[in-house]
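Here are a few exercises to work through with the model open beside you. Try each task before you read its solution.

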Amino acid sequence: MKKQTMLIGSAMTAALLLAACNSNDETSGNEANTTNVATEEANNMNTENEPVAENDTNVEEEEHNHDHNNDHNHDHNDDHNHNDDHDHDHDHNHNDDHDHDHDHAHGHELSEEEQAIYSGYFEDDQIEDRELSDWEGEWQSVYPYLVSGELDEVMEHKASESDSMTAEEYKEYYEIGYETDVDYMTITEDSFTFTSDEGEYTATYSYDGYEILEYEAGNRGVRFIFEKQDGDEDMPAFIQFSDHSIYPTDAHHFHLYWGDDRDALLDEVTNWPTYYPADMDGHDIAHEMIAH
């Protein structure tokens, strides 16, 4: 009888230990799943450079550390630390004469390599200098479409893939990112023309190198920079592009940063006016955004 009692006691003890282990395993699994969801969401936000940059660059951009020479002699290897948003990719096959057929085709498909670059994953030796002709054409800001509600389906799409933000929260975020009074822009091979309610202003610009931005999510972005040479006083001294590409190619949309302080612009991570071809309407732009 005593032996039987001991056996029963041992069995009950084993059962209790097993239940406790299972409970701990389940708790650990839940904690791991929660961590993975949070990490995945952070990575999603940080690869938007939309800027999140940009470039969307991530929920779009943040802190970075940079080092520049006072003589402006850039070696194009400066590292910056951001939380950006922005993504694109293109066939690395370019002619030396930089001949592009600026048709800004819509609904383009990205190759596997292009998608990786669009998401911010590339090697330094893949980066090439670019000419202003990559962005040549007539462009419009997407900000009015966001305010009017024509991009609501984009915000809803983002929310459906997120565990942490609602469509309304996304819209509030992009209202800050997209905000600008420059509704239209014309770019030639050496000039910008900004059009706003205040009027139309033009200036010529020359290429001033690029800067590599390092994001906390582990991905990266590249800002291509142009410096003012001559023109209207109201035009900025520097204009920086982020379009998710890293070498010569026709842009399909881009995020823009402008101002009179070259280095300070690299710290801008909350406002990144975004432009699409002027011949696209709100429906076209919304579906292009959802596709990428």
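**Exercise 1. Work out which residues of helix α4 (residues 152-160) are buried, and how they are arranged around the axis.**

Step 1. Apply the cut-off: buried means under 20% relative accessible area, with a 1.4 Å probe and protein chains only. In α4, this picks out Val-154, Met-155, Lys-158 and Ala-159.

Step 2. Look down the axis: these residues cover an arc of only 135 degrees, which puts them on the same side of α4. The arc is taken from the directions that run from the helix axis to the C-beta atoms.

Step 3. Find the neighbours, counting heavy atoms within 4.5 Å as contact. The buried residues of α4 pack against α3 (143-148), α5 (167-178) and α7 (282-291).

A note on the model: it is predicted, so local features need pLDDT of at least 70 and side-chain atom pairs pLDDT 80 or more, while totals for chains, interfaces and linings use all residues. Residues are numbered from 1 along each chain as its sequence is written, and side-chain values use heavy atoms, leaving out hydrogens and water.

**Exercise 2. Classify the ring pairs that Phe-226 makes with Trp-135 and with Tyr-207.**

Step 1. Recall the rule: rings of Phe, Tyr and Trp (its six-membered ring) pair if their centres lie within 6.5 Å; planes under 30 degrees apart are stacked, over 60 edge-to-face, and the rest tilted. The structure holds 18 aromatic pairs.

Step 2. For Trp-135 and Phe-226, the centres are 5.8 Å apart and the planes stand at 80 degrees, so this pair is edge-to-face. Trp-135 sits in the loop between α2 (112-118) and β2 (137-141) and Phe-226 in strand β6 (residues 220-231), so the pair links distant parts of the chain, 91 residues apart.

Step 3. Check burial: Trp-135 has 0% relative accessibility and Phe-226 has 1%, so both count as buried.

Step 4. For Tyr-207 and Phe-226, the centres are 5.5 Å apart and the planes at 55 degrees, so the pair is tilted. Tyr-207 belongs to strand β5 (residues 199-215), so the pair ties together parts 19 residues apart in sequence.

**Exercise 3. Find the ring that lies under Arg-130 and the one that lies under Arg-223.**

Step 1. The charged end of Arg-130 sits over the ring of Phe-224, 5.0 Å from its centre. Arg-223 lies over the face of Tyr-257, at 3.4 Å from the ring centre.

Note on methods. Helices (H or I, at least four residues) and strands (E, at least two) are DSSP runs, numbered from the N terminus. Buried means under 20% relative accessible area, exposed over 50%, partly exposed in between (1.4 Å probe, protein chains only). A charge sits over a ring if NZ of Lys or CZ of Arg is within 6 Å of the ring centre and within 35 degrees of the ring normal.
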